[in-house]
Amino acid sequence: MPHFFTEEHEAFRKSVRNWVEKELAPHALEWDRAGIFPREIFKQAGELGFLGIHHDPAYGGSGLDYWYVTAFCEELVRSRNAGVNMALLVQSQMATPIINDIGTDEQKREFLAPALAGEKIAALGVSEPGAGSDVAGIKTTAKRVGDDYVINGSKMWITNGTRADFITLAVRTGSEGFGGVSLLTFPTDVKGFGVSKKLDKVGNLSSDTAILYFEDCKVPVRYLLGEENEGFYHVMVNFQGERLVAALLATATMDLMLQDALQYGNERQAFGKPLNKFQVWRHKFVEHLTSLEAAKRLAYHAVELFDGKENPVKEISMAKLFAGDLAQRVAYDCQQFYGGMGYIEETHVARAWRDVRLLTIGGGTSEVMKEIISKLVGL
Amino acid sequence: MLFPMKILVTAKRVEDPESKIKVKPDGTGIVPEGLKYKINPFDEIAVEEALRLVAKHKGETVVVSIGGKEVHEQLRHAMAMGVDRAVWVNHTGPLDQMAIAGLLKKVCEKEKPDMAILGKQSIDDDQNQVGQYMAEWLGWGQATFASKHESLDSDAEKSKTPALVVGADGKTVKVVREVDGGLGTVECTLPAVVTTDLRLNQPRYAPLPGIMKAKSKPIEELTPAGLGVDVAPKLTVLKMSAPAPRKAGIKVPDVATLMQKLKTEAKVI
Ligand SMILES: Cc1cc2nc3c(=O)[nH]c(=O)nc-3n(C[C@H](O)[C@H](O)[C@H](O)COP(=O)(O)OP(=O)(O)OC[C@H]3O[C@@H](n4cnc5c(N)ncnc54)[C@H](O)[C@@H]3O)c2cc1C
């Protein structure tokens, strides 16, 4: 047990695993086929305190360190359903931390507390049809009219999008570029808001990803998060938590895929011996296990810095880049190792192979990570 | 009016059946390396039932475990689920069911609960004896294999209604129990010992705030000597061995052959 996981972290880990294995894993395939999972899961996770691990206790969080989040991610992957994992982590690590950090008491009571309790579903609305990597290029506008903002535009690829009760929404309140971006809490029962389409995806099938539209949607000015036109900075800060979680999910998923494969290779025979006895595979797995250990240590290093309240942009970007890319190769080889069974939906690695594809795209692509790191190392 | 209840529950530390359990080659025990441990699942059901009763009646829950310092993990788990405090009987070395029942009897005499709820057995030795010995030696009523009519998918279960029904005067408990061929009901005068079967309830998960609270809940340390119990085993384990691996089944062409084989080969009918 590494030093950063205390007895309480381990007790928490066990509790998460118990819940994940009993309430999520048995439904993994069914939920992927349905393209959605029961709303009730948010409620359960909320009641168990899983959605507010590091959030303010005054609003139902537990105010704990990031190693609890790490343990949570590492156990969550045992659901073997990346869609549920993403949905719960968007709720807890992507859409709510901004409100926790800069929201007013009123915003926290109306949005944060019910989201942490799993009563309201939260989404993060940054990307748009014309602006993904280039966050400063968003075009959805919020015009100040009296005591309201009037919002027009659309958002693309929004996780939890078809059933979110509110969206932590990036809008343009000012001039072009990053200096004109603001953040709002946006309740989805506002007139003029709608879901244009639920997107059919390659993987993470049980999670709903949607295109959203906003037509003269009016929300009161008190829903502004932080200062007007300072939203870009908060989006960038928020990305750090999101990317760190992505790195942790990537390492935990690789861990699971490799464990599964090694077990399979003990049992599955070809030419009179277990697959694990073929040197070509043994060596491949040893290489992956070695790279995984490195990926995990890099992610832990980033967690340690992040938890120390530093803003380790370089380390987090590196951790996501490294783990996200590695996951592609590990998934490919594990799937190959399963032969025909690797091409069958029931086999977890078949779904995981599709799901991990997102890890180099979502939350900032590998190329964007490289651009960020380039700047930080002075290239 | 509901009378507050004081309930004592047990939390034995057992090998997690999901870890690979192997018997040592010399048959003196099982291989400890790589083993994981957990609370005995039947005890976890006992904890859940106690918490439901106390949620309804008010009162107090106390959890007991016997073993070395490592059993704190199981005590904390029960407290993370919601149990108020813990009693730890510090002992390392083998214990037989008589010694365990003797220790629990003493703890009951000290704590004076209205009810002691135990798992019907622990999944390591599967003895199914402690609750019975304890009730006999305390002179209390006993209701073993507590279960319920409702299924684990029923609304009663979802609303966490206790299955054990305490009389209006707070002096008796009615227990539905599993018996051969179905369910029966017994009514005991309190205090009583109840042991839990598998379908009594679905234990709750330990919530994160509960885990943090459990950290500061008290664990009282007792010893067999302090309790005045001689724990020298009366029962000695001579040898452990894994059950013989199952032979592959065979297919029989028809019922007549099946009957004949059951009679002459398996000799079960
Ligand atoms: C399943 C899923 C869920 C998502 N959930 C959400 C969500 O909940 N909320 C949200 O706001 N967004 C969400 N997204 C959007 C996601 O963050 C974006 O898709 C991602 O940031 C990439 O943006 P883009 O799709 O516009 O790609 P583009 O920006 O168009 O990039 C296209 C290609 O160009 C490359 N590229 C871009 N810029 C550079 C550069 N400077 N140098 C070199 N190469 C470059 C990229 O790496 C990529 O390969 C989700 C996406 C998916 C697929």
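Student: Domain bounds come from an automatic or database domain assignment; which domains does that assignment give for chain A?

Tutor: The assignment for chain A gives domain 1 (7-116), domain 2 (122-229) and domain 3 (232-376). The model is predicted, so local features need pLDDT of at least 70 and side-chain atom pairs count only at pLDDT 80 or more, while totals for chains, interfaces and linings use all residues. Residues are numbered from 1 along each chain as its sequence is written, and chains are lettered from A and ligands numbered from 1 in the order in which they are written.

Student: Where does the ligand lie relative to the domains?

Tutor: The ligand lies between domain 2 and domain 3 of chain A, because both give residues to the shell around it.

Student: Which residues come nearest to the ligand?

Tutor: Of the 24 residues around the ligand, the nearest are Val126(A), Gly132(A), Ser133(A), Thr365(A) and Glu367(A). A residue is near a molecule or strand if its C-beta atom, placed from the backbone, lies within 6 Å of it.

Student: And which elements supply that shell?

Tutor: Strand 1 (122-125), strand 3 (148-159) and helix 12 (366-376) of chain A each supply at least two residues. Helices (H or I, at least four residues) and strands (E, at least two) are DSSP runs, numbered from the N terminus.

Student: Changing topic: how do helix 8 and helix 9 of chain A pack?

Tutor: Helix 8 (residues 231-267) and helix 9 (residues 279-307) of chain A have axes 10 Å apart, at an angle of about 155 degrees. Axes are lines fitted to C-alpha atoms, for helices over the stretch in contact, and angles run from 0 to 180 degrees between N-to-C directions. Helix 8 and helix 9 of chain A are therefore roughly antiparallel to each other. Angles under 35 degrees count as roughly parallel, over 145 as roughly antiparallel, 65 to 115 as roughly perpendicular and the rest as oblique.

Student: Which residues make that contact?

Tutor: Among them are Leu244(A), Leu248(A) and Leu258(A) of helix 8 of chain A, and Phe285(A), Leu292(A) and Phe306(A) of helix 9 of chain A. Two residues are in contact if their C-beta atoms, placed from the backbone, lie within 7 Å. By class, this contact has 15 nonpolar, 4 polar and 2 charged residues.

Student: At what angle do helix 9 and helix 10 of chain A cross?

Tutor: Helix 9 and helix 10 (residues 313-337) of chain A cross at roughly 155 degrees, and their axes come within 9 Å. These two helices are therefore roughly antiparallel to each other. Their contact has 15 nonpolar, 3 polar and 3 charged residues.

Student: How many residues does the contact between chain A and chain B take from each chain?

Tutor: The contact takes 12 residues from chain A and 11 residues from chain B. Helix 1 (residues 7-24) of chain A gives the largest share of the chain A side, 6 residues.

Student: Which residues of chain B does a cis peptide bond join?

Tutor: A cis peptide bond, with omega about 0 degrees, joins Leu190(B) and Pro191(B). Pro191(B) is in the loop between strand 10 (182-189) and strand 11 (192-196) of chain B. Separately, Lys58(B), which is not a glycine, has a positive phi of about 65 degrees.

Terms used: Domains from an automatic or database assignment. Nonpolar A, V, L, I, M, F, W, Y, C, P; charged D, E, K, R; others polar.
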